[in-house]
Each structure stands twice: as C-alpha cells, then as structure tokens.
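Hi everyone, and thanks for coming along.

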Amino acid sequence: MDRRPGLASAQEHAAQYLWRNMTAIAQLNDSIFYFGELGMQEYETAALMTGLLEDGGFRVERGIAGFPTGFCATFGSGGPVIALHTEYDSNPDNSQQAGVVEPKPIVEGAPGHCEGHNCNAAVLISSSLAVKSAMAAFGLKGTLKVFGAPAEEQLVSRPYYVRDGYFDDVDAAFAPHVGSEFGCGYGLIQSALISAIFTFHGETAHAGVAPWKGRRAPNPN
Ligand SMILES: [Zn+2]
C-alpha cells in the first residue's frame with residue numbers, strides 16, 4: 001500500500017479504493033483498448049462504462065443531447081456540482097499490438113487506441129467510483145456528474161451538452177487526457193473547440209493578368 005502523507009481521510013479512502021481495484025481498472029483499460037471503436041460508434045465501450053457506473057450506484061442517463069453513445073451519470077445531490085468528463089473514441093487505421101514499439105497492427109487498417117482514450121476512460125470511471133465511495137463513506141455533500149462524450153476527434157458532443165444545459169449547474173469540471181509521460185497536470189489547459197464547415201464565396205483570379213476579376217472571400221463586394 002502506497003500511503004501518501006498529508007492526505008485527508010476522504011482522499012486517503014479514495015486512494016485506497018484505487019489501489020484495491022488496480023487489477024479491475026487495468027482490465028477496463030484493456031477492454032476499451034481492444035474494443036477500439038471509432039467516434040459515434042462507441043457502443044460496446046459506452047455500455048461497459050455506463051454498466052459499471054450503474055452498478056456503482058450512479059443514476060445513468062444514456063443517449064444525451066442526441067448522441068447514442070453519450071451519457072451522464074449522477075451521484076449525490078445539491079452543491080457543489082463537480083463534473084468529470086472524458087472521451088473513448090479510437091482513431092482510424094491505428095490498430096496496434098500492445099507493448100510493441102514499432103507499427104504492428106492487430107488488424108491491418110482497423111481503428112485503434114493509439115491516442116490513449118482507453119486510458120482516459122478507465123481513469124474517468126475508476127476515479128468517479130473512488131470519489132463516490134468517499135462521498136458515501138464520509139457523508140460528503142454535493143453532486144458528482146460524470147459525462148461520457150463521444151467522438152473527441154470530430155470535436156462533437158461536449159459543445160452540444162453545453163447547449164442543452166448539462167453544464168449549467170456545474171461549479172468545476174475536470175477531464176483526464178493521457179500524455180506522452182505518465183504525469184498529470186491541472187488548470188486551464190484545455191481548449192474549447194467546435195467543428196464547423198465554412199463556405200467562402202470569393203473568386204480567384206491571376207494577380208498579374210486579370211486581378212480585377214478577383215473577389216475577396218470575406219468581403220465579395
Ligand atoms: Zn484525445
């Protein structure tokens with residue numbers, strides 16, 4: 001047992017929960033790795049994640065904001081409202097055998113988790129269950145909202161959760177994302193992005209021969 005000095009009792013409880021369930025967390029991580037589902041197709045992954053949260057005492061709302069593989073799981077009531085959110089989509093043509101440093105797909109051309117979203121999802125589920133366990137054991141007041149957000153790579157889902165009011169009552173939000181090292185950071189290090197298609201109505205023209213035929217796209221007049 002790795003006991004870290006200075007942790008409050010509830011924090012110590014959550015840390016012990018994670019150590020105690022280390023094998024199950026690794027299995028969850030590996031299961032999502034082998035599902036390797038692309039964005040908007042994370043059906044097995046979302047079913048596994050929501051099942052674990054439901055078994056752990058969360059109220060689960062599936063298919064939120066029109067996303068079949070999106071979900072919001074809630075525990076507790078009142079404030080503060082703390083949100084944890086993550087993605088679990090794989091990348092196209094990223095199939096890769098685990099523990100092998102050179103490119104070696106499991107299935108040639110298949111999607112895979114080379115960006116590590118399987119780790120993000122396993123961290124989200126395990127930390128949510130650990131915090132919930134501490135809240136229940138120590139009578140901590142507040143609401144924990146756990147968001148599963150499909151298709152991080154397409155920049156969809158979370159902006160629509162905001163649009164539909166799922167974050168209206170949230171006081172603080174945390175999101176895990178695996179990096180190149182096994183460290184973790186915190187603070188305002190995330191970007192707010194949304195995907196959109198722009199059509200520019202300009203006209204191209206040769207700058208030396210017929211520049212008068214050109215029209216600037218932002219201001220076509
Ligand atoms: Zn990512």
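**The zinc site and its surroundings**

Along the sequence, the residues that donate to the zinc ion follow the spacing E-x1-H-x34-E-x24-H. Before going further, please keep in mind that this is a predicted model, where local features need pLDDT of at least 70 and side-chain atom pairs count only at pLDDT 80 or more, while totals for chains, interfaces and linings use all residues. Residues are numbered from 1 along each chain as its sequence is written, and side-chain values use heavy atoms, with hydrogens and water left out.

Which residues hold the zinc ion? It is coordinated by Glu115 (OE), His117 (NE2), Glu152 (OE) and His177 (NE2), at 1.9 to 2.4 Å. A donor here is an N, O or S atom within 2.8 Å of the metal (3.2 Å for Na, K and Ca), and water is not among the atoms, so sites may look incomplete.

Histidine 117 in helix α4 and histidine 177 in the segment after β5 (172–174) are 60 residues apart, so this pair links distant parts of the chain. When I say helix or strand, I mean a DSSP run, numbered from the N terminus: H or I with at least four residues for helices, E with at least two for strands.

Is histidine 117 buried or exposed? It counts as buried, at 0% relative accessibility, whereas histidine 177 is partly exposed, with a relative accessible area of 35%. The cut-offs are under 20% relative accessible area for buried, over 50% for exposed, and partly exposed in between, using a 1.4 Å probe and protein chains only.

What about the geometry? The angles between the four donor atoms run from 86 to 138 degrees, which makes the arrangement irregular. Four donors count as tetrahedral if all angles lie between 85 and 135 degrees; four count as square planar and six as octahedral if opposite donors are over 155 degrees apart and all others between 65 and 115; anything else is irregular.

**Inside the protein**

Now to the nonpolar cores. In soluble globular proteins, nonpolar side chains tend to be buried together. A nonpolar core, for us, is a set of buried Ala, Val, Leu, Ile, Met, Phe, Trp, Tyr and Cys residues joined through side-chain atoms within 4.5 Å.

The largest one here has 24 residues, and Met49, Leu53, Phe58, Ile125 and Val146 touch the most other members. At least two residues each come from α1 (9–20), α2 (22–35), α3 (43–55), β2 (71–77), α4 and β4. Helix α4 gives the largest share of this core, eight residues. Apart from it lies another core, of 14 residues, including Val81, Phe147, Ala151 and Val170.

Staying with α4, which covers residues 117–138, we find serine 126 there. Serine 126 is buried, with a relative accessible area of 9%. A polar atom of its side chain lies 2.6 Å from the backbone oxygen of alanine 122. Leaving out residues up to four places away in sequence, serine 126 touches Tyr17, Leu18 and Ile25, where touching, or contact, means heavy atoms within 4.5 Å.

**The strands**

How many bridges join β2 to β4? Seven bridges join these two strands, which run antiparallel. Strand β1 (residues 59–62) and β2 also run antiparallel, joined by four bridges. Two strands pair if DSSP finds at least two bridges between them. Five of the seven residues of β2 are buried, so β2 is largely enclosed by the rest of the structure.

Threonine 143 is buried, with a relative accessible area of 10%, and its side chain reaches the backbone oxygen of glycine 78 at 2.6 Å.

**Backbone details**

Where is the cis peptide bond? Look from glycine 79 to proline 80, where omega is near 0 degrees. Proline 80 sits in the loop between β2 and β3 (81–86).

Finally, two alanines. Alanine 65, in the loop between β1 and β2, has a positive phi near 55 degrees and is buried, at 17% relative accessible area. Alanine 151, in the loop between β4 and α5 (158–163), has phi near 55 degrees, a positive value in a residue other than glycine. Alanine 151 is buried, with a relative accessible area of 0%.

Definitions and conventions
Polar contact = N/O pair within 3.5 Å; in protein donor to acceptor, adjacent residues only side chain to side chain.
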